[in-house]
Amino acid sequence: MTMAEEDAEDILKQALMVKRSQNKRTFGPVNYKTRWFVLTVDCLVYYDGLSSEVGREKGRINLKTVRAVENVIDHALERKHAFQIIYNEHILYVMANSSDERTEWVTLLRRLCQGNKAVIDKYHCGVLSGRRWSCCGAYKNCVGCDKTWSCAPNNNSTSQSSDIVSSNVRNAAPNSGSVSSLENLNQLRNNHSKMVVCLYPFQAIEKGDLDLIKGEEYEVIDGTKENWWQVRNNHGEIGYVPSNYVEEKSALGLHRFDWYVGDMSRQRCEMLLKNEAKEGCFVVRNSSSKNMFTLSIFTRFPHAQVKHYLIKTSNGKYYLAIKHAFSTIEDLVQYHKYNSAGLVTRLKLPLNSARMAPTTAGLSHDKWEIDPLELTLLEELGSGQFGRVLIGEKLFFTFVVRRGKWRGSIDVAVKIMKEGTMSEDDFIDEAKVMTKLQHPNLVQLYGVCSTHRPIFIVTEYMKHGSLLNFLRRHEARFLQKPEILLDMALQVCSGMAYLEQHNFIHRDLAARNCLVSSDHVVKVADFGLARCVLDDEYTSSGGTKFPIKWAPPEVLGYTRFSSKSDVWAYGVLMWEIFTCGKMPYGRATNAQVVEQVQRGQRLERPRACPRDVYLIMSSCWEKNFELRPPFRSLKQRLEKLIEDCDYADD
C-alpha cells in the first residue's frame, strides 16, 4: 500500500519518531533510525524520510497481531520516552519526542488492540542484553516480569482514547497545518538532536571529516549512517566522525575510563595481562553475572598470575571488602590505587592494549578508492592463493601482502593482486559494500586502488599474522588452556554471524584466512574475495587449488556455495584451533578426503577439545546442509559454554 492509498483511509495519528532496529536475526547491529510513523485503524506503518511527502515504506505492523503495547524503562534503551509494541514474536521499540506524546501513542494503540485474542498477560519492561532481559535478568524466552495493561489494576488507559482520537486531526502531516513543512522539519530535527562524548581521539585527514578530542562533547547533526555520523563541535565546526569513537552522553558511564574494557572475556583478559606482565596492571570488565563487574589484576607473587575479584554491591555501594565501600566504581578504583586493602597488590596502571581505538569503516566517511601514491610499501608479510592448500607442490602466487603506511601515518596491509587473476568489475562492486562492513572480528577493508594495475586491496594491519601460524607458534601454551582456544573459536564465529546476517558468503574460511591483531583479537579476513578469482580449477572439485579439506559434500559434488558451506568450513576451522594448527585429515590426498566425506567419515575429536565443544563442531558437518545450525545459533552455544566453564571470580 502506498502513502497515497494510506491517505484514503482514516489516519488516526502520525509523527516523526525514532525506532530501534528489531534484529530479527539476533545478531544484527543495534542502531536507531528516524522514521515517519502513520497509524490507521488497521495497521501501523513507518516510512523512510522526515515527512509524509517523502520516503518509501520500511515496515508495517497489522494491529491484529499486536500482543501488548507498553512503556519501556528509559535507561534500559539508553533513550528517552520509549515504548514497545509486541507483535507476533517480535518487538518494535519506538522513542517518542516527549512523555506526553508517548502517552498519546500508547493509549491510542491499546484502544485499537484491546480486542485482540493474542494479548498477553505479562511482558518485560526492559530490553534484551545479550541473552537476558535488563529488567529482571531472566533468559530471552522466559515469561515477563510485569503485568501488561490488559490485566493491570486501576487501568484507565482506554478512558482517554476518545479524546485522543478526536484530537488526531491536529496531529496530521506537516503540510496540512499552519506551520510550513520547512519550519516543522527544522523543529523535528531539533527535537531529535543528541549529544555524544568522544571516547577516542580522531584526526581528520580527508575533507569533510572532523577532528575528535577525547572527552569533549559533540552534537549529532546526522546519525542516519551506520558507521559515520555528522557532528558539530563546540566551535560550531561540522564534519563526519566514526560512530564507534563516540558514545551518547546520556548513556556514558564507565566507557570514559581507560581501565574499563566492557565485555572482554576472562580468557582474553588473562592473555593480555600476562603479555603485559606488569605488577598491578588491571582492568575492570563486565562480569558473567548480570549487572556485575569484575576487577582483574596481574601479579608476580607468589608467581605470575591474574587474579579476578567480583565487585559486590550493597545499598547502592560498590566494594571488594565490605568495610571499604564506595558510591561509584571510579571511587573504588581510585582508593585501591593507593591501598591494596585485601587485594593481591595495589592497582598501579590500566592495561594499555585493552582500550586501543577501534578500526574505522574506511579511512574517511565516503572513501573507498585510495590513491596508490599515498601508500608507502614496506616489508613483505606473506603471499598465497585463495583456497590453495599445498603439500609438496610449486606455488604460483595470486597475491603478495606487504605492510604499508597510508599518508605516512596509518599502518595498513596491502594485498597486491596478480594481474588477470580477478574478475575486476565484480570485485570493485563488492569492495564498495565490503568497506561498509564493520565488526570487531572482521579484518577491516579500508579501500582499494583500482585505477592502476595491479589492483591493491588495503586493509587494517594485523600484527601477529595468520591464526594458523599463531596457533602453531604457541601450541605448548594453548593446549594447556582450552578455554583460550574456545574464546578464539567464539571470536571467529561472531565475525561469521555478522557476515551471515549481511548475506555474505566467505567461500574460503580456514585458520590461514583469519588474522590476529596486536591486542590478540582474532578476525576473519578475505571474505568475499574468493568469488572474484578467475580460475576454473578453484571451482572444480578435482582441482588441486580447491580447498577440499574445508569443503562440504554439496560443494565437492555440485560447487554449491552458501552460508551453510561456510558453517561446514567453520567446523574444520574449530578442529584446526583445538589441534593448534594441524592439517585436517593428515596426509590424506584430496581424492581420499572426498571419498571419506561422501562416505560420512568425519574428523575425530582433538585431544585438547572438550566433548561439549566437539558436539558443536560435529553439528557443522551434517551431510544435509539444511540440518547445519546457523552461525547465530553456534555463537549462542559457544557463549553458553564459556559462561559454564568460566571460573568463579575470587
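This text walks through the structure from the whole chain down to single residues and bonds. The model is predicted.

Start with the chain as a whole. It has 650 residues, and 51% of them count as buried. Its secondary structure comes to 16 helices and 29 strands. Contacts reach across the sequence. Take those between residues at least 6 apart in sequence: 59% join residues at least 24 apart. The surface comes next. The chain exposes about 30,000 Å². Carbon and sulfur atoms supply 47% of that area.

Now go to helix α6, which spans residues 266–276. Its partner here is helix α11, residues 482–501. The two helices pack with their axes 8 Å apart. The angle between them is about 115°. Angles of 65 to 115 degrees count as roughly perpendicular, and α6 and α11 are therefore roughly perpendicular to each other. Their crossing is left-handed.

Which residues make this contact? From α6 come Gln267, Arg268 and Met271. From α11 come Glu483, Ile484, Asp487, Met488 and Gln491. Sorted by class, the contact has 3 nonpolar, 2 polar and 3 charged residues.

Stay with α6 and look at the loops on either side. The loop between β16 (246–248) and α6 holds Asp263. Is Asp263 buried or exposed? Its relative accessible area is 68%. The cut-off for exposed is over 50%, so Asp263 is exposed.

Look at its backbone. Ala277 has a positive phi of about 55°, although it is not a glycine.

Find it in the loop between β24 (399–406) and β25 (410–417). How accessible is Arg407? The relative accessibility is 34%. Partly exposed covers the range between the buried limit of 20% and the exposed limit of 50%, so Arg407 counts as partly exposed.

Next, the cis peptide bonds. One runs from Phe301 to Pro302, with omega near 0°. Pro302 sits in the loop between β18 (293–299) and β19 (305–314). Another cis bond joins Arg453 and Pro454. Here omega is about 0°. Where is Pro454? It is found in the loop between β26 (445–449) and β27 (456–460).

Finish at helix α13, residues 563–578, where Ser565 lies. The relative accessible area of Ser565 is 5%. Buried means under 20%, so Ser565 is buried. What does Ser565 touch? Leave aside residues up to four places away in sequence. Its contacts are then Pro552, Glu554, Val555, Arg560 and Arg628.

Two of these sites make a clear contrast. Asp263 is exposed, at 68% relative accessible area. Ser565 is buried, at 5%. Asp263 is in a loop, whereas Ser565 is in a helix.

Notes. Residues numbered from 1 in each chain as written. Predicted model: local features only at pLDDT ≥ 70, side-chain atom pairs only at ≥ 80, totals over all residues. Heavy atoms only, no water. Helix = DSSP H or I, 4+ residues; strand = E, 2+ residues; numbered from the N terminus. Buried < 20%, exposed > 50% of the residue type's maximum accessible area, 1.4 Å probe, protein only. Axes fitted to C-alpha atoms, helices over the stretch in contact; angles between N-to-C directions. Parallel < 35°, antiparallel > 145°, perpendicular 65-115°, else oblique. Left-handed = near helix turned anticlockwise from the far one by under 90°. Contact = heavy atoms within 4.5 Å. Nonpolar A, V, L, I, M, F, W, Y, C, P; charged D, E, K, R; others polar. Areas by Shrake-Rupley, 256 points an atom, 1.4 Å probe, with all protein chains shown as cover.
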